[in-house]
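Visitor: I would like to learn how to read the features of a protein model, one at a time. Could you take me through this one, giving the general idea and then the case at hand?

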Amino acid sequence: MASTGLSSSLRPQVVVVGGGMAGVAAVQRLVQKGLTRVKILEARNRAGGRIWTQYLGSDTLEFGANWIHGTIGNPIYELAKQHGLLREEGRPEDLDRANVRELENEKFLMPGGKVIDEDVVDSCLQDYNEVIEECEAVFKEGRPSNPGDSAGDFLSREFRKQLASSNDIDAVKCTKMALLQHYLKMETCITGCHDMREESLEYFGQYRELEGDHYNNPSGYNAILDLILKTIPPDCIAYNKKVQCIRWREGKKRSESAHTVEVECEDGEVFSADHVIVTVPLGFLKKNCRTLFQPPLPEEKLASIERMGFGVVNKIFLTFEQPFWDTACEALHLVWDQDHSNSKAPEEWYKKMYVFYIDSKAPNTLLGWISGKEAEYMETLSEEEISNTFVSVLKKFMGREDIPKPVRTMITRWGSDALTCGSYSFIRVGEKGDDINTVAEPLYRDNTEVPLVQFAGEATHSEFFSTVHGAYLTGQREADRLVNLYASKQ
Ligand SMILES: Cc1cc2nc3c(=O)[nH]c(=O)nc-3n(C[C@H](O)[C@H](O)[C@H](O)COP(=O)(O)OP(=O)(O)OC[C@H]3O[C@@H](n4cnc5c(N)ncnc54)[C@H](O)[C@@H]3O)c2cc1C
């Protein structure tokens, strides 16, 4: 065993609830720093949480995280690069808004098989990117806005203004308005909300985009997770351990050295700990925060949890015998006519699906993204119904009747997944600037600076929320809080 440098009374028992990226990063750091009495309690039978790669035959499908967002200062990129995961056939996948317009291999289709002219797409994206920058500047430059203002209203208003003052002919203006609705749908998938009118204007720019390309790791995201898991002793993780109650402040007095927090699992087993790091998703917290903690969380924290945004984004995987599309093409964008762009009725849910990506990790598969209420509605449908629906949609947009039936249709169901209750967090209209920090603040032992319950996970990172690197950094943050605490006690 590695020397801890700590006397046994200074070797705390740490329980980590949840074995996603935040949980495993926390434990890796604790173990590396000599705090080896750690246990992850993970409700599923696998680690990774919202990192979930499915290896099916020669196909690699990402049910959760897809991209490593940015390279400069991204610890996940560094890790993957160090271990050569990005080298082979690794090719930057450009999702960056500023770079989307440089992509040559994406087609923007309209119903009837019309392909939108590249120049129109390019100039429209340029306009859109300008209004996105303006939107971000509200936070970055502290420009005035009201708490009720939404990014969606701002983007639509400013884009329309630009369009009105342009020299475009009416037909082009019409196409650009349809493209605007399309980009707004894309934006909901990036941010994780149902409608950009839910997204706060005031804090839209708080998310910090890291510089550099967006990588689609050819080995699958799980390969990155495995690099971390390999550094953790296997007996530090217990699977199928759903935590149902964290008792963090008993009425009775306990001696200093006794464990002070009890973590009870659904199967009745109870773990005692000096410190608990909770990494469950915000969606799970929203649903269960009033019963998960005993005594209940402070009102201020509960209010922040309630105010924060956590939305549903799902994926659709349609696998065909062989591609019927131009194999040089990397994305088929489905641009509905303006009046069809935002579906109102549940039966028009599929109009929210704005793109099919084609990924070299599964070259016969079209990968669709869908957000919000429509994504939730899709979860209630059978794969057969979803498959039939998208075959009709493809016929409409490709202007062809000979679209074959997929040989395999799979979708994600993050909304009804009881352990996430959604996909990722966003800053909602009405949210307060410090809500993320309020949720991230530990619960301390009375009148001390000793944290009893700590919070990590993507939603607790004030700049990198909704990402894997954000989750990773919060795990390390909470581990370091303990490492520093015990270092100061020595
Ligand atoms: C569809 C989709 C696409 C995404 N795309 C990207 C992307 O391209 N790039 C990117 O950087 N990020 C992406 N993300 C976000 C990224 O996956 C997450 O931000 C990150 O993985 C979250 O890690 P986490 O540790 O905070 O939470 P999680 O991974 O959710 O881990 C929390 C863990 O807690 C467990 N748990 C929950 N309740 C309990 C309980 N009561 N007891 C015990 N265990 C419990 C869960 O099972 C889970 O394993 C995507 C997410 C989704 C859903």
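Guide: Let us begin with burial, where a residue is called buried if 20 or more other C-beta atoms lie within 10 Å of its own, exposed if 12 or fewer do, and partly exposed in between, with C-beta atoms placed from the backbone. By that count, 46% of the 490 residues of the protein chain are buried. This is a predicted model, in which local features need pLDDT of at least 70 and side-chain atom pairs count only at pLDDT 80 or more, while totals for chains, interfaces and linings use all residues. Residues are numbered from 1 along each chain as its sequence is written.

Visitor: How does the radius of gyration of the protein chain relate to that of a compact globule with 490 residues?

Guide: The radius of gyration is taken over C-alpha atoms, and the globule rule is 2.2 Å times the number of residues to the power 0.38. For 490 residues the rule gives a value near 23 Å, and the protein chain has 24 Å, which agrees. Along the principal axes, the C-alpha atoms fill a box of roughly 75 × 55 × 40 Å. As for contacts, which require C-beta atoms, placed from the backbone, to lie within 7 Å, 77% of those between residues at least 6 apart in sequence join residues at least 24 apart.

Visitor: Into which domains is the protein chain divided?

Guide: The bounds come from an automatic or database domain assignment, and they give domain 1 (8-49 + 219-309 + 429-489), domain 2 (53-75 + 84-99 + 311-411) and domain 3 (117-206). The contact between domain 1 and domain 2 takes 12 residues from domain 1 and 10 residues from domain 2. On the side of domain 1 that touches domain 2, helix H7 (221-229) and helix H13 (468-489) each supply at least two residues. Helices (H or I, at least four residues) and strands (E, at least two) are DSSP runs, numbered from the N terminus, and the protein chain has 13 helices and 23 strands.

Visitor: How many residues surround the ligand, and which are the closest?

Guide: A residue is near a molecule if its C-beta atom, placed from the backbone, lies within 6 Å of it; 39 residues surround the ligand, and the closest are Gly18, Gly20, Gly49, Gly457 and Ala471. Two or more residues of this shell come from each of helix H1 (21-32), strand S5 (67-69), strand S16 (313-319) and H13, and H1 gives the most, with three residues. Domain 1 and domain 2 each contribute at least three residues to the shell. Ala, Val, Leu, Ile, Met, Phe, Trp, Tyr, Cys and Pro count as nonpolar, Asp, Glu, Lys and Arg as charged, and the others, Gly among them, as polar; the shell has 18 nonpolar, 15 polar and six charged residues.

Visitor: How should I read the order of strands in a sheet?

Guide: Strands of a sheet pair through backbone hydrogen bonds, either parallel or antiparallel. Two strands are taken to pair if DSSP finds at least two bridges between them. Here, seven strands form an open sheet in the order S7-S6-S17-S18-S19-S16-S20, with mixed pairing. Strand S7 (114-115) and strand S20 (408-411) are at the edges, each with a single partner strand, so one side of each has no neighbour in the sheet.

Visitor: Which strands does S6 pair with, and in which sense?

Guide: Strand S6 (residues 106-110) runs parallel to strand S17 (residues 331-334), joined by four bridges, and phenylalanine 108 has histidine 333 of S17 as its bridge partner. S6 and S7 run antiparallel, with two bridges, and methionine 110 is partnered by lysine 114 in S7. S17 also pairs with strand S18 (residues 355-358), in the antiparallel sense over three bridges, where alanine 331 stands opposite tyrosine 357.

Visitor: Is proline 406 buried or exposed?

Guide: Proline 406 counts as buried because it has 23 C-beta neighbours inside 10 Å. Its place is in the loop between helix H11 (383-398) and S20. The C-alpha atoms of proline 406 and phenylalanine 320 are separated by 4.5 Å, although these residues are 86 apart along the chain. Leaving aside residues up to four places away in sequence, proline 406 touches Leu318, Thr319, Phe320 and Ser387.

Key: Contact = placed C-beta atoms within 7 Å.
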